[in-house]
Protein chains: 2
Amino acid sequence: MHDEPEVAVLRLGHRPGRDERMTTHVGLTARALGADRVWIPDNAGQSLETVRDITDRFGGPFTAELTDSPKGIIRDWEGRVVHLTMYGERVQDVEAEVKRAHGDDDEPILIVVGAEKVSFDVYEEADWNVGVTNQPHSEVAGLAVFLDRLFEGRELEREWDDADQRVIPMETGKRVEPADEE
Amino acid sequence: MHDEPEVAVLRLGHRPGRDERMTTHVGLTARALGADRVWIPDNAGQSLETVRDITDRFGGPFTAELTDSPKGIIRDWEGRVVHLTMYGERVQDVEAEVKRAHGDDDEPILIVVGAEKVSFDVYEEADWNVGVTNQPHSEVAGLAVFLDRLFEGRELEREWDDADQRVIPMETGKRVEPADEE
């Protein structure tokens, strides 16, 4: 987010057909909950289009790109790497350390979110393997809770630039307005 | 969770084919992040099986059931109803009120998570329409953040009964052990 070291999300692996919506939701969740960028595998072009379309309509800044070398992105990342996995250390035990690296030491953070089986070198390359619970559930859910904890809710207050439209929060009903820039 | 008023999740709507994994992930996220129960539409039998299979292997208590009358469940719910929607009030503005109802007034909470378009009567029936951001992203992500905030992280400390296996948190690697009851 604005004025903070970059937080990027890397979707690792994508099974066409099966993973379309999960990969799209990883990208949209990254955007909505404060990450600056997402990389999506290059066989998930439709997910990329959806994330870019939402960014065009609802604002940014947010960067969505394809990659043909996800492991290259991990290797070349200049900052710290968090790999979300149900086998990792408990998020409540390591989040303070990750926040210190991001907030105090100004380290960019790359969050790796696997699809199916993740190869062992990713576990070794990561600075932290983190479990948002050690239960099987959803990579989208794990990413969401991790981002909300990393940013401590600041992501809910962010403003969006260059939006065409914005939703006005309401007790009952739906209200969408054109987002006129002042 | 144990010793607290019930928290249940209702998946509203399911488009076979398109929504299989989203509905499954709603159920698994409900279980992993502290809800006591999920209702799934009766055209999503495969999602039900997956959630029950995970509960058998990794423990409970957690109840997963099909319903042919989701709106009946909302109508008959004896407690408060939260409908998660990007059009709703901001979670950071209403979560204290929901927590008070659950924690101080011992009210069971039903969390409604829509698939596609949700009809207007659900907005009216709900005690709170809540947006985990007013941005389009993922119902799984919204549910996850909402549960983590409702339980204030207590859900991460819960223990699981009657599990066959459990994951031991690790810095690097995977460790799964048989869950021998003492």
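A:Pro41 is buried, with a relative accessible area of 8%; the cut-off for that word is under 20%. Keep in mind that this is a predicted model. A:Pro41 sits in strand β2 of chain A, which covers residues 37-41. Leaving aside residues up to four places away in sequence, what does A:Pro41 touch? The list is A:Arg11, A:Gly13, A:His14, A:Leu66 and A:Thr67.

Now to the two chains together. Two copies of a chain are related by a rotation about an axis and a shift along it. Here, chain A is superposed on chain B by a rotation of 180 degrees, with 0.0 Å of shift along the axis and an RMSD of 0.0 Å. That is the relation of a two-fold axis. In chain A, A:Ala141 has the C-alpha nearest the axis, at 2.3 Å. As for the interface, 100% of the interface residues of chain A are also interface residues in chain B, so the copies meet through the same surface.

Next, the helices. Helix α1 of chain A and helix α1 of chain B, residues 20-32 in each, have axes that come within 8 Å and cross at roughly 60 degrees. That angle makes α1(A) oblique to α1(B). The crossing of α1(A) past α1(B) is right-handed. Which residues make the contact? From α1(A) they are A:Arg21, A:Met22 and A:His25, and from α1(B) they are B:Arg21, B:Met22 and B:His25. By class, this contact of α1(A) with α1(B) has two nonpolar, two polar and two charged residues.

Terms used
Residues are numbered from 1 along each chain as its sequence is written. Chains are lettered from A and ligands numbered from 1 in the order in which they are written. This is a predicted model: local features need pLDDT of at least 70, side-chain atom pairs count only at pLDDT 80 or more; totals for chains, interfaces and linings use all residues. Side-chain values use heavy atoms; hydrogens and water are left out. Helices (H or I, at least four residues) and strands (E, at least two) are DSSP runs, numbered from the N terminus. Buried means under 20% relative accessible area, exposed over 50%, partly exposed in between (1.4 Å probe, protein chains only). Contact means heavy atoms within 4.5 Å. Axes are lines fitted to C-alpha atoms, for helices over the stretch in contact, and angles run from 0 to 180 degrees between N-to-C directions. Angles under 35 degrees count as roughly parallel, over 145 as roughly antiparallel, 65 to 115 as roughly perpendicular and the rest as oblique. A crossing is left-handed if the near helix is turned anticlockwise from the far one by less than a right angle, and right-handed if clockwise. Ala, Val, Leu, Ile, Met, Phe, Trp, Tyr, Cys and Pro count as nonpolar, Asp, Glu, Lys and Arg as charged, and the others, Gly among them, as polar. Copies are superposed by least squares on the C-alpha atoms of residues with pLDDT of at least 70 in both.
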